[in-house]
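Subject: Structure handover

Hello,

I am passing on the structure we talked about, with notes on what came out of the analysis. Please look at the model first and then read on.

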Amino acid sequence: MRLPCKSTLTVNLAWHFAAYTHWAKNILVVDLDPQFNASQYLLGVSKYKTILNQGKPTTWDILEQNTRTPTGLSRIIDPHKLIHNVVTFVTGSKIDLVPSRLELAFSLKNPAQKEKQLSKILAKIENSYDLILIDCAPTESVLTTAAYLASDYLLVPVKPEYLAAIGLPLLVNSMNDFKNENEEHNLSLAGVVFNAAENYYPEEQLSKNMVRDLASKQGWYVFQAEVPYSKSFPKGAREGKPIINTSYARTVQKARFMNFAEEFAKRISL
Amino acid sequence: MTNQPEFELLIEIAKLLKKHSPEFSKSLAELLSSPKFIEHLVSVLSSTNTISSTGITQQIKPTTSNQRLKKPRSSLTKKAKTSQKKESQSAKSGLSASVSYPLFLKELETTDPEKSALLIKLYYSLINKTLLPTLQDIRNFASDTGLSTIKATSRNKAIIPFVRDLLSLNIEQLKTKLDGLMPVLPEDDRSLEAWANIILDKERQTKQED
C-alpha cells in the first residue's frame with residue numbers, strides 16, 4: 001500500500017507502524033521532496049552525507065535514470081540500491097528510506113516523461129513492505145503526479161488556518177484532474193487530517209468548520225482524530241526520534257497522535 | 001573474515017592498547033609475530049568455553065603486562081579516565097554480544113523458539129545499548145510495564161534479571177510489553193550548520209577554489 005503525505009507526519013507514522021508490536025510492519029519512506037526533510041529527520045547529517053559522497057542513488061536518480069548526460073549513457077537504477085535501512089526493531093519490523101536530494105528540484109524544470117519512473121521502481125520492491133509512505137510537497141508538479149501514480153491512497157494534512165484551508169480544494173482538484181487523466185489508476189482520498197491543531201478558539205474552529213462543511217458536500221472523509229500542535233514534533237526531528245520517544249513529550253500529545261495513526265490504519269485497511 | 005565480531009573486537013583491543021601505551025603495543029606486536037606465542041594464545045582461548053557478561057575483568061589475572069598498563073593510565077586526567085571507562089565498557093558489551101547469551105535463553109530455544117528468538121534479540125539490544133541505554137531507562141520500563149522492581153545497582157547487572165523477568169510471560173504478553181520500545185539510534189550531528197554545509201555545498205566550493 002502506498003500513499004503520499006507530509007514530512008513530520010510521514011516519519012511519525014512510519015515509526016508508529018514499525019515500532020508498536022501490534023503492528024510491527026515493514027515500512028518504506030520515499031522522500032520525494034527536494035527539501036529532503038524526511039531524509040534529514042530519519043538519517044541525520046553523517047549518514048546523509050555518506051549517501052551523497054558515495055554517490056548512492058536517491059529519488060533524483062529514479063526520475064533522471066533515463067536522462068542522457070554528456071558524460072555517458074543513462075543508467076538504470078537497481079531498486080535495492082536505493083534503500084537505506086534506518087532502524088530494525090526487536091520484532092524484526094523495520095523502517096527503510098529512499099532519500100531525496102536538493103537536485104530533485106531540477107527535475108521540475110525538465111519534467112517530460114519522468115512521472116512514471118517512481119511507480120515502476122516501487123512496483124519492483126513493494127512486496128517487501130506492508131506500507132510505503134511517500135513524502136511530497138503539495139504544490140502540483142511532476143513530483144505530485146509521480147506520487148499519485150505510485151499511490152493507492154492520498155492523505156491530505158491541513159493546518160486549520162484560513163489560507164491553509166483554501167489550499168485543500170486546490171489539492172483535491174489536482175487529484176481529481178489526475179484521476180480524469182488516468183482513469184485506469186485507482187487513487188483514493190484516504191482523508192483530510194487537521195495537522196498542527198491547537199484548538200485555538202474561535203479562528204481555528206472557524207477554519208475547521210469551513211473544511212468540514214466542504215468535505216461533507218464533496219464526500220471527503222475528515223479524520224476524527226487530529227494531529228496536535230506540539231513542540232515535541234520539531235524537537236523529535238532534532239533528536240532523530242518520533243514523538244512517542246521524544247524526551248519530555250507530553251503523554252496527551254503522544255496519545256492524540258496515536259489515535260490518529262490508529263484511525264488512519266483503519267481507514268486504509270492496514 | 002574481517003566482518004567477524006571477534007576480528008573487530010581484536011582490532012578494538014589493539015587500538016586501545018596502542019592509545020594507552022605505545023611502548024607496550026610495540027613489544028606486544030613483536031610477541032604476536034612469534035608462532036609459539038600464537039599457538040599458546042589459541043590454546044588458552046579455545047579452553048575457555050563461555051565468558052559471562054560480568055566476569056571478564058575477574059578472569060584477567062594481574063600479570064607483568066597489565067601491571068605495565070597501569071602506569072600510563074594513572075597519568076590520565078579524570079575526563080580521559082571516564083572516556084576510557086566508557087570505551088572499556090563498550091568493548092565488554094561487544095564481547096558479550098559476540099560470544100554468548102545466558103543459559104536460560106539457550107534452554108528456551110528448544111521449548112519456545114519464538115520467545116527465545118525475541119528475548120535473545122532483546123538481550124543483545126540491551127547489551128549493545130541500542131535499547132534502554134541507562135539503568136534508569138530499564139527501571140522505568142520495568143515499573144511502567146508492571147515487572148518486578150529492578151534492584152541492581154548497575155545497568156550491566158540489571159540486564160539478566162530484567163530479561164529473566166520477561167521469561168514468565170507468553171509470547172503475546174511479551175510482545176505487548178515490548179510494544180513501543182524504541183531502539184536508540186546512534187547520535188548524529190543534526191545541527192543547522194552541518195545541514196547548511198550540505199545545502200550550500202561548502203566543501204565542494206572550497207575544493208574548487210583551491
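On the contact between the chains, chain B contributes 22 residues and chain A contributes 32 residues. Keep in mind throughout that this is a predicted model. About 2100 Å² is buried between chain B and chain A, and carbon and sulfur atoms give 67% of that area. On the chain B side, the residues that lose the most area to chain A are Met182(B), Arg190(B) and Trp195(B), which together make up 33% of what that side buries.

Charge pairing across this contact is quickly reported: there are 0 salt bridges between chain B and chain A. For polar contacts between chain B and chain A, the count is 1 residue pair, with both residues at pLDDT 80 or more. Three helices of chain B, α8 (113–127), α11 (171–177) and α12 (192–200), each supply at least two residues of the side that touches chain A. By type, the residues on that side of chain B are 12 nonpolar, 3 polar and 7 charged.

The largest nonpolar core consists of 47 residues, and Leu13(A), Phe17(A), Ile95(A), Phe257(A) and Phe260(A) have the most contacts inside it. Helix α1 of chain A, residues 7–19, gives the most to this core, namely 8 residues. Another core, of 31 residues, lies apart from it and includes Leu122(B), Leu126(B), Ala158(B) and Ile171(B). As background, nonpolar side chains in soluble globular proteins tend to be buried together.

One loop residue is worth a look. Ile77(A) sits in the loop that runs between α4 (59–64) and β3 (84–88) of chain A. Its relative accessibility is 6%, so Ile77(A) counts as buried, the cut-off being under 20%. Beyond its neighbours within four places in sequence, Ile77(A) is in contact with Pro57(A), Asp61(A), Gln65(A), Leu82(A) and Ile121(A). Of these, Asp61(A) is 16 residues from Ile77(A) in sequence, and the C-alpha to C-alpha separation is 7.3 Å.

In chain A, the side chains of Glu103(A) and Arg101(A) form one at 2.9 Å, N to O. Glu103(A) is partly exposed, at 25% relative accessibility.

Also in chain A, Lys208(A) and Glu226(A) are joined through their side chains by a salt bridge of 2.9 Å, N to O. Lys208(A) belongs to helix α9 (residues 203–218) of chain A and Glu226(A) to the loop between α9 and β8 (227–228), so this pair ties together parts that are 18 residues apart in sequence. Both ends count as buried: Lys208(A) has a relative accessible area of 2%, and Glu226(A) is at 12% relative accessibility. The two residues also belong to a network of salt bridges that links Glu204(A), Lys208(A), Arg212(A), Glu226(A) and Arg256(A).

In chain B, a salt bridge joins the side chains of Lys175(B) and Glu114(B) at 3.6 Å, N to O. Because Lys175(B) lies in helix α11 and Glu114(B) in helix α8 of chain B, the pair ties together parts that are 61 residues apart in sequence. Lys175(B) counts as partly exposed at 24% relative accessibility, and Glu114(B) is partly exposed as well, with a relative accessible area of 46%.

Regards

Key:
Residues numbered from 1 in each chain as written. Chains lettered and ligands numbered in written order. Predicted model: local features only at pLDDT ≥ 70, side-chain atom pairs only at ≥ 80, totals over all residues. Heavy atoms only, no water. Contact = heavy atoms within 4.5 Å. Buried area = accessible area lost by both parts, 1.4 Å probe. Salt bridge = Lys/Arg side-chain N within 4 Å of Asp/Glu carboxyl O. Polar contact = N/O pair within 3.5 Å; in protein donor to acceptor, adjacent residues only side chain to side chain. Helix = DSSP H or I, 4+ residues; strand = E, 2+ residues; numbered from the N terminus. Nonpolar A, V, L, I, M, F, W, Y, C, P; charged D, E, K, R; others polar. Core = buried A, V, L, I, M, F, W, Y, C linked by side-chain atoms within 4.5 Å. Buried < 20%, exposed > 50% of the residue type's maximum accessible area, 1.4 Å probe, protein only.
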